[in-house]
Amino acid sequence: TLARACADNGSYLSLPFVLQQMRLGWGRETGTAHYQWKNYLPDNLAAQILSREFRQQADMSEYGEHVLQRIYADNPFKTEVNKLCWLDFTTFLQSCVIPKVERNSMLWSLEARMPYLDNEMLDLAFVTSDNLKLKNNYITKDCLKRVIAAELPAQLTLNPRKQGFNPPLHLLFRDELSEWKRYWLGKMRASTLFNGTAEACLLDWEKNGWDLH
């Protein structure tokens, strides 16, 4: 209700989306809460739109939350920050962030490098004290920002807000891509992945303020 009441200003992470994701992870074990923050389709909602046949055939232990819980529990680190870094490194980084750089740079014939994925840099990162990586439990990359700031001319300042590559799909689906959205929602009716109420469910969730783009 609170998320729906807040105006959506089209920002990178809108306030309704942030509140929605916080609600999903509130009070849950750390690994699960971290998963819910990055999960656009909660497992309980996915179960409402996936067909019975698909759910019976699929190994749900290899889906979503179960995978991240296992990686979080089995990782080789002791501190909470490093456990979460390792979780992102083995999942989100490899399945989302790196492919975006690779695909877009190759599409436009650009040579791109990811210097922070250098082996020595990673080794250093995982032995660096947590309070240098996360200051006051919310300021990220503190040591990196301080090192860079020391090398910049005095008249330049670091942008305090980091932003990823995500386009405002929730706004595009509402306006410019609304017909495209309806076309693909219609395609769901013939798919064996989804049940007969999937299209209506998605539209109803969207109407009620869930950002499930």
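**Aromatic rings**

I began with the rings and found that Phe77, Trp86, Phe89 and Phe126 form one aromatic cluster. Before going on, I noted that this is a predicted model, where local features need pLDDT of at least 70 and side-chain atom pairs count only at pLDDT 80 or more, while totals for chains, interfaces and linings use all residues. Residues are numbered from 1 along each chain as its sequence is written, and side-chain values use heavy atoms, with hydrogens and water left out.

How many aromatic pairs does the structure hold? I got eight. For a pair, the ring centres of Phe, Tyr or Trp (its six-membered ring) must lie within 6.5 Å; planes under 30 degrees apart are stacked, over 60 edge-to-face, and the rest tilted. I looked up Trp86 with Phe126: the pair is edge-to-face, 6.1 Å centre to centre, with 65° between the planes. Trp86 sits in helix H7 (residues 80-90) and Phe126 in helix H9 (residues 119-127), so the pair ties together parts that are 40 residues apart in sequence. Helices here are DSSP runs (H or I, at least four residues), numbered from the N terminus.

Are these two buried or exposed? Trp86 is partly exposed at 24% relative accessible area, whereas Phe126 counts as buried at 17%. The cut-offs are under 20% for buried, over 50% for exposed and in between for partly exposed (1.4 Å probe, protein chains only).

I also spotted Lys83 over the face of Tyr72, 5.6 Å from the ring centre. That needs the Lys NZ or Arg CZ within 6 Å of the centre and within 35 degrees of the ring normal.

**Ser178**

Ser178 belongs to helix H13 (residues 178-187) and is buried, at 17% relative accessibility. Leaving aside neighbours within four places in sequence, I found Ser178 in contact (heavy atoms within 4.5 Å) with Leu172 and Phe173. A polar atom of the Ser178 side chain also lies 3.0 Å from the backbone oxygen of Asp175.

**Core**

I then looked up the largest nonpolar core: nine residues, among them Leu24, Leu185, Trp205 and Trp210. Such a core joins buried Ala, Val, Leu, Ile, Met, Phe, Trp, Tyr and Cys residues through side-chain atoms within 4.5 Å. Helix H4 (43-49) and helix H14 (198-207) each supply at least two of its residues, and H14 gives the most, with three.

**Cysteines**

How many disulfides are there? I found zero (sulfur atoms would have to be within 2.5 Å). Cys85 is partly exposed at 32% relative accessibility, and Cys143 is partly exposed at 26%.

Methods:
Polar contact = N/O pair within 3.5 Å; in protein donor to acceptor, adjacent residues only side chain to side chain.
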